[in-house]
Amino acid sequence: MSTQLFTNAHIATGMPGSTADETAPVQDILVEDGRFVEIAPDLTDRLSIQGKDMSTVEVTDLEGKLVCPPFCDTHLHLDYVFTARKPGAVNESGTLFEGIQRWSETKSDLTVEEIKERAKIGIAKEMRHGVQFIRSHADVTDPNLTSLKALLELKEELKDTVTLQIVSFPQEGMYSYEGPKGESGADLVEEGLKMGADCVGGIPHFEQCREFGERSMHTVVELASKYDKLIDVHCDETDDPNSRYLELLSALAYRAGIGARTTASHTCSLGSADNAYFFHLTKLLRAAHINFACAPTENLYLQGRQDTFPKRRGITRVKELTEAGVNVSLGQDSMQDPWYPLGNGNMMLILDYMLHLAQMMSFGEIDDALKFLTVNGATTLGMHDAYGLEAGRPANFIVLDASSVFDAVYERCSVLRSVRDGRTLFIRNESIDTDLALLKR
Ligand SMILES: [Zn+2]
């Protein structure tokens with residue numbers, strides 16, 4: 001049996017009020033065989049008193065730094081990463097719809113190996129920023145299902161270091177796409193589920209007409225029920241306040257009893273819809289327990305493109321949904337792809353943008369902000385008992401270069417260490433070399 005003790009940590013579970021204050025007492029983390037046994041003050045002394053042979057315990061001093069559960073990126077497209085500069089892929093207008101067009105025109109030469117190589121670089125970037133759980137979409141509007149094959153292989157190959165959930169995602173529509181043999185996007189989504197994808201995807205606002213979009217929402221819920229899968233729909237990713245597939249998705253998932261297993265991604269239209277509509281809709285969202293995934297940097301970039309001024313911010317109502325008790329998590333979405341030229345997997349940056357855009361900057365909101373990257377993300381992913389700083393659960397955690405949640409957010413701090421099943425995945429050493437007393441930390 002291997003025993004590890006991580007000492008002197010400020011603990012932020014991600015739940016409200018945890019480590020808002022750097023004066024909170026430090027705690028120790030006891031791990032045995034890759035699982036948390038106990039998190040409490042003075043465990044070193046207690047173990048000694050209990051007669052534990054401390055020479056058999058691997059002790060790591062965390063020096064008062066902040067420990068929280070690993071970050072979750074709940075919306076990413078690993079098959080698209082680092083394709084932005086391919087010939088023909090450059091998105092001149094900066095709109096979502098030109099991004100889809102550019103991808104459609106340039107995706108035919110993809111291979112499983114090439115996608116895996118790019119995706120691995122993207123995963124490594126995310127992991128260096130403390131991410132251990134990623135939900136990635138895989139475009140299945142391709143008769144060869146190349147993206148899905150690549151990401152399913154990676155999911156298996158990397159399972160000991162990162163958890164990947166894969167969405168069978170019809171980028172070019174369930175009923176607007178037609179393959180060379182007459183396959184619909186819906187047929188290919190179903191094929192993807194049979195191959196092992198975790199979630200059913202959709203993109204109703206991109207379908208050619210409202211009827212196709214509505215039909216796709218029925219199909220998504222039917223497929224999720226039939227194959228016992230999660231749902232993650234690109235939903236209402238538009239400034240059009242009349243794009244209202246979220247209400248249909250929520251109602252259908254609610255009636256099927258799978259609302260808590262459903263995620264509505266983007267939902268930018270809620271940022272344009274009026275308050276009376278949102279007030280009515282909120283009741284359904286709460287009853288259905290729908291999860292939301294918001295991609296603040298990307299939607300800030302893509303949306304509002306038809307506006308002059310005033311120009312809309314493009315993101316969904318994170319503050320209002322949160323205040324209504326609806327679960328919201330965050331995603332990087334893109335890394336240098338036809339939809340967004342930047343994106344480096346730094347979820348602290350994504351959080352920073354969201355807090356500004358949603359105006360969630362009371363001290364209470366900042367003190368609780370890590371929930372968006374941790375427990376809220378785990379809720380979206382349906383992780384349940386496999387996640388969190390609690391006895392019996394896998395010893396997965398990260399160490400931030402701060403001693404309180406406020407300082408972590410304020411400094412947009414780095415991740416100093418990432419631990420998975422008790423195994424340290426990396427350690428980052430950061431110091432400034434200077435003779436200037438003013439600049440010494
Ligand atoms: Zn997306």
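An open sheet of eight strands, ordered 6-7-8-9-10-11-12-13 with parallel pairing, is found in this predicted model. Strands pair here if DSSP finds at least two bridges between them, and both strands (E, at least two residues) and helices (H or I, at least four) are DSSP runs numbered from the N terminus. At the edges, each pairing on one side only, are strand 6 (71-76) and strand 13 (327-330). From one strand to the next, the twist averages 25 degrees; axes are lines fitted to C-alpha atoms, for helices over the stretch in contact, and angles between N-to-C directions run from 0 to 180 degrees. Helix 6 (residues 210-227) packs on the sheet, where strand 9 (199-202) and strand 10 (230-235) are touched by it, and its direction makes about 175 degrees with that of strand 9. Contact means that C-beta atoms, placed from the backbone, lie within 7 Å. Further along the sheet, strand 11 (residues 262-266) runs parallel to strand 12 (residues 291-294) and is joined to it by three bridges; serine 265 has alanine 293 of strand 12 as its bridge partner.

As for numbering and confidence, residues are counted from 1 along each chain as its sequence is written. Local features need pLDDT of at least 70 and side-chain atom pairs count only at pLDDT 80 or more, while totals for chains, interfaces and linings use all residues.

A residue is buried if 20 or more other C-beta atoms lie within 10 Å of its own, exposed if 12 or fewer, and partly exposed in between.

Helix 11 deserves a look of its own. Its buried residues are Met347, Met348, Ile350, Leu351, Met354 and Leu357, and their cover includes strand 6, strand 7 (131-139), strand 12, helix 9 (296-302), helix 10 (318-323) and strand 13. Leucine 351 touches Leu330, Ala369, Phe372 and Leu373, leaving aside residues up to four places away in sequence. After helix 11 comes glutamine 359, with a positive phi near 55 degrees.

Definitions and conventions
Two residues are in contact if their C-beta atoms, placed from the backbone, lie within 7 Å.
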